[in-house]
Amino acid sequence: MEKIEDIKKLFVVAASPHISAKHKTSVAMRVVTIALLPALVFSTYLYGMRILVITIISIIVAVCSEALLERMLGKKITITDGSAVLTGLLLAFNLPPGVPWWLPAVGSAFAIIFAKQLFGGLGYNFVNPALAGRAFLMASWPSLMTKEWLSPVGGTLSGIDGISAATPLSLLKNPANYGDPQVIIRQLNDFETIRNLFFGKIGGCIGETSVLFLLLGGLFLLFLRIIDYRIVVGYLGSFALLAWLLPTQGSVLFHLFSGGLVLGAFFMATDWVTSPITRKGRWIFGVGCGVITIIIRLWGGYPEGVSYSILLMNVFTPLIDRLTKERIFGEQRKKGVKK
Amino acid sequence: MLSGFTGGVHPPESKNTEDSTIEVMPVPKKVYIPFSQHTGKPATPLVKKGDDVKIGTKIGEADGFISASVHASISGKVIDIIDHAHPVIGSASCCIIEGNDSEDWVIDVNAERNTDDLTEAQLLHSIKEAGIVGLGGAAFPSHVKLSPPKDKKIDTLIINGCECEPVLTADHRLMLEHAATIIEGARVFQKILHASTLIFAVEDNKKNAIELFRDEDVRVAALKTKYPQGAEKQLIKAILKREVPRGGLPMDVGCVVHNVGTCHAALMAIKYGKPLIDRVLTVAGDGVREKKNVLVRIGTPVNSVIDFCGGYVDKPERVILGGPMMGIAQYADDVPVVKGTSGILVWPAEKAIEEGPCVRCAACVDSCPMGLMPTEICSFVKNKNFDMAKTYGLLDCIECGCCAYMCPAAIPLVHYFKYGKSEIWRRSKT
């Protein structure tokens, strides 16, 4: 038997490598959260303090339901990894600014409990929890989720004076409901509207209004390589191409800047857990999102298709990964030649 | 500039000892020479307890073709042959020699032989007799690599001076201080292989070495500094755009790669008959007082080398033999330096990070130089689904550590891969 002194002389053994890049999951989650803050501040400026309150409710409920459920299941409490905070924040970003206080709470709880924790927690959810929460709210309280728009400060809801009951995309979908269709379409595509869409002086969900601030955050994440360019480029590229090719009354820029497209492409489609891990797969995923989004916008029942397109592609992710395996070094490129 | 392979990572280079000239460590009192220091069968002992040996006395004979001889690295008496701690395989049969403080060589190492007249067979014989193995780390017997089957035509010999592991500077110093020997050794290898092209591969963080070789009129490929640029397959791909097939060897694409240290050692063997009894290694890390490049006798216990470098700073937590990316952490510091030991790193206490769940960020996929999907393979290994792990390329893994280096969840992927490989081999035997 070794003496205690001998054992004390022993060193720590561990598998190689003995250094690491120190990009920890919790840090990445926090950086994404920070990248979303400019958009949140801008939204609070547009719609007032209720935006902050809604967001905080959403985040607190997300974190609490995660802690509570993990406790009930006898698992380690993982709220410090920052993923629940991010889910709460993203869910709030997907709500209209005028929703009642309880709605974000219900959505967040659903997102964390049913979409994330019941499937095994972080890393095991197969759909984006925030989007699942939003889909649940859409299905349960459709009127609250589509009608509670508020007029932004310094602008009008749709960018068009006198119309305050719709977002630009619902105007595009059913222009006849709001006045002379030709006038509305013309106004939607004029430079003034595009500019308002870009800077965010326009109505919409809490987090989707300002393309500018979302782009700032998104490019920051791309620069840090926390999100993958393939998904962003695949999504926006295929979407823009189709918006240009397909018959629609909105211009390409109008389509790119309206709705939740920029928020979705940079912050939701790029969710690590629910997007493919292969390089080719990430292209396919991005392009798939773009195609489904434009289909829903042009022919679907909803004016906007970003969240459902991402949810659908989330479901395809395991299949995409399996069909687009990386080519192993030294593997024959030709088909049929197998070792 | 050639970079030429996908994946890879850029860890901080931390090559703080690149300007420190190689110091010769005094002959140690006692050496522990394992009979297995190479890939292949352990050498068969030729000495017994009580025998007197001189420097260079062959104490173990290569057992079969893929094996290498071992030699006494000091002059003295064999005091025992027992199992002792081994830096790579845990524990192995070792010849313990106690020194008698004399520098008696078994042969006259100052007599220079004329190498030009030697035939390829004679050259190969000298290399084999001297127990030369790959000094880059894998310790594959060099004479085997130099004797490809007749049907494999070798057109290119690459001499690997990349030293892509962070921290290590031993090869760099060797290139600066012994460029002529390395080049001569490389020419001998070229002659043996009948290779028409000879290329020296150096990463561009060693500009002075690149210039030195260029001045000597040899072809140098300056490669982008990227880990694992010095890995055989990645190196061939970067320089020649040839891809070694899965499960194949460099000779399958007409290529052989040798480390710069190996060239040096082989030339010493051919010219002076000097067997492989010492090597240059880098001692570094915050846990050791003096960081330096040292010429150390094979079999020297690590703690003696540390003492030569001023001893530990505080209580060391981790002692690694090799580089930070692929080196092996030791549980004790009485393990000997073996032929493949390229560095001794002493790391201070570091808070262990708990393995988190995989968040599928794909950093491992993006960084894998072998085009694997490390996280998928890891799941298969964890579930003991070794067949699927194999289908996904577990056996193609070169254990470079890029995936684990990048992993934000601190999953010890290489650990799972080593375990998975050992399970596959264990099962294939039964």
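# A chat about a predicted model

Colleague: Where in chain B is Asn110(B) found?

Modeller: Helices (H or I, at least four residues) and strands (E, at least two) are DSSP runs, numbered from the N terminus. On that basis, Asn110(B) sits in the loop between strand E8 (90–99) and helix H1 (120–129) of chain B.

Colleague: Before we go on, how are residues numbered, and what pLDDT do local features need?

Modeller: Residues are numbered from 1 along each chain as its sequence is written, with chains lettered from A and ligands numbered from 1 in the order in which they are written. This is a predicted model, where totals for chains, interfaces and linings use all residues, side-chain atom pairs count only at pLDDT 80 or more, and local features need pLDDT of at least 70.

Colleague: Thanks! Is Asn110(B) buried or exposed?

Modeller: A residue is buried if 20 or more other C-beta atoms, placed from the backbone, lie within 10 Å of its own, exposed if 12 or fewer, and partly exposed in between. Asn110(B) has 8 other C-beta atoms within 10 Å, so it is exposed.

Colleague: How many Å separate the C-alpha atoms of Asn110(B) and Asp396(B)?

Modeller: Along the chain, Asn110(B) and Asp396(B) are 286 residues apart.

Colleague: Turning to chain A, are H15(A) and H16(A) roughly parallel or roughly antiparallel?

Modeller: Axes are lines fitted to C-alpha atoms, for helices over the stretch in contact, with angles from 0 to 180 degrees between N-to-C directions. Helix H15 (residues 279–299) and helix H16 (residues 306–323) of chain A have axes 9 Å apart, at an angle of about 150°. Angles under 35 degrees count as roughly parallel, over 145 as roughly antiparallel, 65 to 115 as roughly perpendicular and the rest as oblique. H15(A) and H16(A) are therefore roughly antiparallel.

Colleague: How many nonpolar, polar and charged residues has the contact of H15(A) with H16(A)?

Modeller: Two residues are in contact if their C-beta atoms, placed from the backbone, lie within 7 Å. Residues meeting across this pair include Phe285(A) and Ile292(A) in H15(A), and Met313(A) and Phe316(A) in H16(A). Ala, Val, Leu, Ile, Met, Phe, Trp, Tyr, Cys and Pro count as nonpolar, Asp, Glu, Lys and Arg as charged, and the others, Gly among them, as polar. By class, the contact of H15(A) with H16(A) has 12 nonpolar, 5 polar and 1 charged residues.

Colleague: How is H4(A) oriented to H6(A)?

Modeller: Helix H4 (residues 83–93) and helix H6 (residues 129–140) of chain A have axes that come within 8 Å and cross at roughly 40°. That angle makes the orientation of H4(A) to H6(A) oblique.

Colleague: And which residues of H5(A) does H4(A) meet?

Modeller: H4(A) packs with helix H5 (residues 102–116) of chain A at about 135°, their axes 10 Å apart. On the H4(A) side are Ala84(A), Thr87(A), Gly88(A), Leu91(A) and Ala92(A). Those in H5(A) are Pro104(A), Gly107(A), Ser108(A), Ala111(A) and Ile112(A).

Colleague: How many residues of helix H14 of chain A are buried?

Modeller: Helix H14 (residues 261–268) is mostly covered. Its buried residues include Leu261(A), Phe266(A) and Met268(A). The count for H14 of chain A is 8 of its 8 residues.

Colleague: How many residues has the largest nonpolar core?

Modeller: A nonpolar core is a set of buried Ala, Val, Leu, Ile, Met, Phe, Trp, Tyr and Cys residues joined through C-beta atoms within 7 Å. Those with the most contacts inside the largest one are Ala201(B), Ala266(B), Val305(B) and Leu413(B). Apart from that core lies another, of 86 residues, among them Ala35(A) and Ile292(A). The largest nonpolar core has 142 residues.

Colleague: How many residues does each chain give to the contact between A and B?

Modeller: Both chains contribute, and the numbers are 32 residues from chain A and 49 residues from chain B.

Colleague: How do the residues of chain A's side divide by class?

Modeller: These are the residues of the side of chain A that touches chain B. They divide into 16 nonpolar, 9 polar and 7 charged.

Colleague: Near what value is omega for the peptide bond from Tyr227(B) to Pro228(B)?

Modeller: Pro228(B) is in the loop between strand E11 (219–223) and helix H6 (232–240) of chain B. The peptide bond from Tyr227(B) is cis, with omega near -5°.

Colleague: Last one: is Val167(B) buried or exposed?

Modeller: Val167(B) is in the loop between strand E9 (156–160) and helix H3 (170–177) of chain B. Its phi is near 70°, a positive value in a residue other than glycine. With 26 other C-beta atoms within 10 Å, Val167(B) is buried.
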